[in-house]
Amino acid sequence: MASAAEQLAANINFGAIAKADELKKRIWFTLGALIIYRLGTYIPLPGIDPEALRQSFQNASGGVLGLFNMFSGGAVERMAIFALNIMPYISASIIVQLLTSVLPSLEALKKEGEAGRKILNQYTRYLTVFLAVFQSWGIAVGLQSSGTIVQSPGPFFLISTVITLTGGTMFLMWLGEQITSRGIGNGTSLIIFAGIVANLPNAIAGTLELGRQGAISTGLILGVIVMAVAIIYFVVFMERAQRRLLINYPKRQVGNRIYEGQTSFLPLKLNTSGVIPPIFASSLLLLPATIGSFQSNADGTGIISMLTTYLGHGRPAYMFLYAALIVFFAFFYTAIVFNPTETADNLKKQGGFIPGIRPGERTADFIDQVLTRITVLGAAYLVIICLIPELLVSYAALPFYFGGTSLLIVVSVTMDTVAQVHGHLLAHQYEGLVKKAKLKGARRR
């Protein structure tokens with residue numbers, strides 16, 4: 001297991017950042033790009049009645065729309081040009097990644113290196129356009145069928161909405177790629193991170209206002225603050241946790257030279273699946289509530305209405321299914337993204353072996369066994385992190401803004417960004433040492 005939050009905080013040296021010109025440019029570029037993104041979340045679609053939209057969204061905020069609204073930083077509730085956010089691109093990336101393990105042609109492209117990766121990225125962009133058009137058309141039809149939200153319904157509204165929302169998604173995809181290449185951190189992750197964090201001040205202010213009014217006790221608020229810090233510390237610890245398998249490389253002779261045997265490690269993350277299981281589980285469980293919100297005029301006796309009643313937040317059935325789906329997707333997605341047989345074959349080709357384990361099939365079985373064991377711990381960790389906010393909301397009547405999914409995204413993106421900042425600082429320090437060495441050599445001459 002790796003160490004926890006102290007090492008992460010120690011990675012940031014603000015004095016060194018001030019001296020690294022290239023890093024400062026990247027940071028300013030990232031901040032500028034995120035500001036442009038946030039401005040776009042306040043530009044509404046043309047032909048929308050804001051008041052009617054607000055009332056309609058309140059009825060549907062408990063479903064998938066509420067989840068997407070949190071990821072988009074309120075863009076869905078305002079029906080802004082970035083209402084779809086970057087979610088179609090993420091969905092397309094996951095679909096392509098899953099297909100690479102099913103279709104031999106895509107799997108062959110994945111093994112071709114950089115050239116194959118570029119082709120897969122192009123397929124992902126095409127699929128993103130298709131998903132964005134499909135989702136934006138559904139949104140346009142849904143808005144127009146409401147009767148009061150759209151001021152001038154008709155074909156022009158449908159076409160303009162599809163073009164605007166699809167264009168917004170493609171712009172955010174391009175913006176995320178620019179942040180990744182010219183800024184700091186992963187652009188796609190930072191866009192989602194900015195959307196989640198944007199509404200955090202309002203949530204904190206609302207909680208403090210409830211405390212001032214006496215609706216929530218001061219002790220409960222202080223307890224939640226302490227618990228939030230402990231949960232963040234726990235998430236950092238678990239996200240950095242690894243099981244390292246010892247790999248030995250024997251002595252080898254190249255020409256007349258003999259190279260000594262080497263030792264390395266094969267790191268297996270405790271949470272290989274990342275934030276995918278909570279996202280998939282939340283989306284599936286919120287579908288009945290979303291469908292039910294569009295059937296407000298029904299008599300309330302149908303299957304959807306019954307599912308909405310039993311699968312409400314805080315209900316035992318919701319908690320059980322939420323935990324079960326998280327565990328299922330944790331194992332399913334880990335099996336998709338990590339192939340023990342391929343890893344064992346690569347080790348065998350490089351001459352590496354795990355001490356006491358025969359190379360080949362035995363090594364693949366051993367890696368699969370270890371991966372299964374640590375995935376059990378990873379799935380349990382995801383269940384704990386995701387159920388704690390649900391319990392707070394349900395039984396403590398606390399408006400806890402950060403759910404398990406959003407908390408994992410925020411902490412993971414922060415850790416990744418800090419690690420990249422640290423890497424740029426090390427590169428800057430190395431360049432400085434090289435320049436000093438060259439100057440000393442020039443003076444001696």
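Predicted model: local features only at pLDDT ≥ 70, side-chain atom pairs only at ≥ 80, totals over all residues.
Residues are numbered from 1 along each chain as its sequence is written, and side-chain values use heavy atoms, with hydrogens and water left out.

**Around Ser273**
- Ser273 sits in the loop between strand 4 (262–269) and helix 14 (276–293); helices (H or I, at least four residues) and strands (E, at least two) are DSSP runs, numbered from the N terminus.
- Skip the neighbours within four places in sequence, and Ser273 is in contact with Ala330, Tyr333, Thr334 and Leu382 (contact means heavy atoms within 4.5 Å).
- Ser273 and Ala379 are 106 residues apart in sequence, yet their C-alpha atoms are 9.0 Å apart in space.

**The chain overall**
- The protein chain has 19 helices and four strands.
- Of its 445 residues, 39% are buried.
- Take the contacts with a separation of 6 or more: 75% of them are between residues 24 or more positions apart.

**Thr161**
- Thr161 is in helix 10 (residues 155–182) and is buried, at a relative accessible area of 2%.
- Again leaving out neighbours within four places in sequence, Thr161 is in contact with Leu45, Ser136 and Ala140.

**Helix 11**
- Helix 11 (residues 187–198) has twelve residues and runs 16 Å from its first C-alpha to its last, close to the 16 Å expected at 1.5 Å a residue (the expected span is 1.5 Å times one less than the number of residues).
- Its buried residues include Leu190, Ile191, Ile192 and Ile196.
- At the start of helix 11, a side-chain oxygen of Asn186 comes to within 3.2 Å of the backbone nitrogen of Thr188.

**On the surface**
- Val102 is exposed, with a relative accessible area of 59%, and lies in the loop between helix 7 (87–100) and helix 8 (104–110).

Conventions. Buried < 20%, exposed > 50% of the residue type's maximum accessible area, 1.4 Å probe, protein only. Polar contact = N/O pair within 3.5 Å; in protein donor to acceptor, adjacent residues only side chain to side chain.
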